[in-house]
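Please try each task on the structure before reading on.

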Amino acid sequence: MGETLAVAGPDGLLRCPWGVAPDDYRAYHDEEWGRPVRGDRALFERLTLEAFQSGLSWLTILRRRPGFRAAFAGFDTARIAAFTEEDVARLLRDPGIIRNRQKIEATVANARVAADLADGELTDLIWSYAPDPATRPAPRGVGDVLATTPESTALSRELRRRGFRFVGPTTAHALMQACGLVNDHLADCRFRAPVR
C-alpha cells in the first residue's frame, strides 16, 4: 500500500488528506492550520483546545470552538484564573463544550499559571521552541508527519515545569503544528506556506 500524499479537494486544489472534507476541516486547513499565531490569549486558546482534543476528534473541538470561547471568557486568562468551584460545576453542565472535569480544572489551573506571566511571556516561551525551518524537510506524505518531536517534548517539559497541565509532547506538537511553529502541510499541498 502506497503512502498517502496530498489529494485534490472538491475545487481541484491539492490538500493534506485530512483537510479535504468536511467543510469545517477544509476551512480550518486552508485558512488557519499552520499559519503563525502569536499573542498570549490566542496561544492560550489553542493550548486549551488542543488539551481538550486529547482522545477526541479535532472536528468535535472545532465545531464547539464558539462554545469554548463563551464558556471560558474569550480565553482571558485573568478572568479564567478567578473561576471558582461553582464555575467548574457550571461548565460541567455546559453542552457547548466537552464536559470533562479534569480538562476543565486543568484549563483553570493553566489560566492561573498563564495569568502570572508577564505580557508576551507565554508567546515568547512557546515560540522559543520553534525549530529552524531549514532543518525540517517538507513532509511528502502523511507517514512523514510526526506525532512528537524533540522540540515538542522540550516544550511540554518546560510547560509542565511551570505548572501547566494536559500538555504532553503530542499535545505540544499539535499546538506547534496548528500555530505555525512547524509547517506540516504536505509538500504538494496548495496551502503550504513558509513558516514565519
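**Exercise 1.** Find which helix gives the largest share of the lining of the largest cavity.

Solution. The largest share, four residues, comes from H7, where helices are DSSP runs of H or I with at least four residues, strands are runs of E with at least two, and both are numbered from the N terminus. The model is predicted, local features need pLDDT of at least 70, side-chain atom pairs count only at pLDDT 80 or more, and totals for chains, interfaces and linings use all residues. Residues are numbered from 1 along each chain as its sequence is written, and side-chain values use heavy atoms, with hydrogens and water left out.

A cavity is, on a 1 Å grid over the protein atoms alone, a set of points where a 1.4 Å probe fits but cannot get out, whereas a pocket is an open set with protein on both sides within 12 Å along at least five of seven lines; lining residues have an atom within 4 Å of a point. The lining of the largest cavity consists of Thr48, Ala51, Phe52, Lys103, Ala106, Thr107, Asn110, Arg165 and Phe166, and the elements that give two or more residues to this lining are H2 and helix H7 (101-115). The volume of the largest cavity is about 40 Å³, a volume being the space filled by probe spheres set on the points, which are joined across faces, edges and corners. By class, this lining divides into four nonpolar, three polar and two charged residues, with Ala, Val, Leu, Ile, Met, Phe, Trp, Tyr, Cys and Pro counted as nonpolar, Asp, Glu, Lys and Arg as charged, and the others, Gly among them, as polar.

**Exercise 2.** Describe the lining of the second largest cavity.

Solution. About 30 Å³ of space lies in this cavity, and Tyr28, Arg46, Leu49, Glu50, Trp58, Arg65 and Ala178 line it. H2 gives the most to this lining, with three residues, and the classes are four nonpolar, no polar and three charged.

**Exercise 3.** Determine how H2 and H10 pack.

Solution. Helix H2 (residues 40-53) and helix H10 (residues 169-178) have axes 9 Å apart and pack at an angle of about 135°, where axes are lines fitted to C-alpha atoms, for helices over the stretch in contact, and angles run from 0 to 180 degrees between N-to-C directions. H2 is therefore oblique to H10, since angles under 35 degrees count as roughly parallel, over 145 as roughly antiparallel, 65 to 115 as roughly perpendicular and the rest as oblique. In the contact (heavy atoms within 4.5 Å), Leu43, Arg46, Leu47, Glu50 and Ala51 of H2 meet Thr171, Ala174, Leu175 and Ala178 of H10. These residues comprise six nonpolar, one polar and two charged.

**Exercise 4.** Determine how H9 and H10 cross.

Solution. The axes of helix H9 (residues 150-161) and H10 come within 8 Å and cross at roughly 110°, which means that H9 is roughly perpendicular to H10. Glu151, Ser152, Thr153, Leu155 and Ser156 of H9 make the contact with Pro169, Ala172, His173 and Met176 of H10, and by class this contact has four nonpolar, four polar and one charged residues.

**Exercise 5.** Locate the largest pocket and name the helix that gives the most to its lining.

Solution. The largest pocket has a volume of about 470 Å³, and of the 20 residues that line it, the closest to its centre are Trp18, Trp33, Trp58, Ala174 and Gln177. H10 gives the most to this lining, with six residues.
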